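Reader: Hi, I am new to reading protein structures and would like to go through one slowly. Could you walk me through it while I ask questions?

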Amino acid sequence: MNKKILLVFILSLAIILSLWAGCTSSPSTSPTPKPSPEDTGSDIEKESPEALKDPEAEDEKQNEKEEEREDKDPPYLTQEELEKIQPNELGEIMILMYHEIGDREDTWERHYDNFKKDLERLYEKGYRPINLNDLIDNNIDIEAGHTPVVLTFDDSTAGQFRYLEEKEELIIDPHCAVGIMKDFNEKNPDFEMKGTFYTIYSAPPFRQGNLVQEKMDFIIDKGMEIGNHTYNHVNLASADTKTMEKELARHVKKTREYLPGYQVRSLALPYGGIPSAPEEPYLYSGEYQGTSYKNEAILLVGSNPAPSPHHKNFNLNRLPRIRGSQEQLDQWFDYFERYPERRYVSDGNPDTVTIPENLKENLKKENIKEKEIRTYSLTGSD
Ligand SMILES: [Zn+2]
């Protein structure tokens, strides 16, 4: 009798265990296709990892998205709303620069508690993240009355994206940058997960060599981005043109080993090093051993907000960034409190550029293209 009970017990335990193992499989470890050896680097290869997914399901998802968009026309603000919101799409935009996110506060490290506080502060003050590519495309699509902010992360350090193994399951470390952003987005869905990771490959990006594929997939699936920071973190101010091409093209090639067809569109200069004028064109495009690269935006290391893409001073070849440190953040949050007219404030409609009448002469006409320009003056002012 006892033996029978024991047998039943062992059998059910085995079934439970096998079911459990099936449910807790770690994030996809399916092999990913390698890029073709002859990488032409032509600019029409827009094929993203999306292309690898089930096309029918994707179509459906796309249709749903489009329907949603049709239901919700972008707002066209009334005079009353203009006066209340006071959009200024010629205002400045902060591009924040982070390196390590960890348990210390240092020049190159932001404490994870403080990084979380940075997100809270941004959120409360009406900032909403956009991607760096949104600046390149001049496609700033955030709610009316809000200010775009770009989060950038250099050097693909361990604290930017770490997995923890818990009960044989992989979870994203709640203390790493991606974990903090994910939690924050879950609590505040209108603060989307946007950001650009300027990876290097001299060590496995974000460390944990066996999990790089999962991390790269996660970043892209969530709508975040990978940018160029050279393969070996080389100072391009002192590199010869051969080295420049090699460093920038190898970065693209390596990125595409994880993300076939991915277009790396911007470069954050290691050490902020700008090459001399005759060598500068190699920052923007070049080729090495069959891989070509094209950087549409160049990010610097210091130290002020960037002009709006609609502003005549906007220069994709020299995008300044602000260090994500307490001192710098305090300084610039304070600046925008004192000079609110310098801050980019969205009209909520990516197809219109709304600005105060008196700023008209600052528009960069060639960047506005088919967008409608709306100007307004406040009642009572002349
Ligand atoms: Zn760096």
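Predicted model: local features only at pLDDT ≥ 70, side-chain atom pairs only at ≥ 80, totals over all residues.

Reader: OK, and which residues make up the covered and uncovered faces of E12?

Author: Thr291 and Tyr293 form the covered face of E12, while Ser292 and Lys294 form the uncovered one.

Reader: What about the turn, how many residues lie between the strands?

Author: The hairpin of E11 and E12 has 2 residues between the strands, and Gln289 takes a positive phi near 45 degrees in this hairpin.

Reader: Switching topic, where is Asp154, and why does it count as buried?

Author: Asp154 is found in strand E5, which covers residues 147–154. Asp154 counts as buried because it has 25 C-beta neighbours inside 10 Å, and the cut-off for that class is 20 or more.

Reader: Which residues is Asp154 in contact with, apart from its sequence neighbours?

Author: Leaving aside neighbours within four places in sequence, Asp154 is in contact with Met97, His99, Tyr198, His229 and Ala268. Asp154 and Asn228 are 74 residues apart in sequence, yet their C-alpha atoms are 9.3 Å apart in space.

Reader: And what about Asp155, is that one buried or exposed?

Author: Asp155 is buried, because 22 other C-beta atoms lie within 10 Å. Asp155 sits in the loop between E5 and strand E6, residues 163–166, and its phi is near 80 degrees, a positive value in a residue other than glycine.

Reader: Where is His233, and what is its phi?

Author: His233 has its place in the loop between E9 and H8, with a phi near 55 degrees, which is again positive in a residue other than glycine. His233 is partly exposed, because 17 other C-beta atoms lie within 10 Å.

Reader: Can we look at a helix next: which residues of H7 are buried, and what covers them?

Author: In helix H7, residues 212–221, the buried residues include Glu214, Lys215, Met216 and Ile219. Their cover includes strand E8 (196–199), strand E9 (225–228) and helix H8 (241–258). Just after H7, Gly223 takes a positive phi of about 90 degrees.

Reader: How many residues are in the largest nonpolar core?

Author: The largest nonpolar core has 62 residues, and those with the most contacts inside it are Ile95, Leu96, Val149, Val150, Ala177 and Leu299. Not counting residues up to four places away in sequence, Ala177 touches Tyr98, Ile101, Phe115, Phe153, Gly159, Gln160 and Phe161.

Reader: Last one, how many helices and strands are there in the protein chain?

Author: The protein chain has 11 helices and 16 strands, and of its 382 residues, 37% count as buried. Among contacts in the protein chain with a separation of 6 or more, residues 24 or more positions apart account for 69%.

Definitions and conventions. Residues numbered from 1 in each chain as written. Pairing = 2+ DSSP bridges. Helix = DSSP H or I, 4+ residues; strand = E, 2+ residues; numbered from the N terminus. Buried ≥ 20, exposed ≤ 12 C-beta atoms within 10 Å, placed from the backbone. Contact = placed C-beta atoms within 7 Å. Core = buried A, V, L, I, M, F, W, Y, C linked by C-beta atoms within 7 Å.
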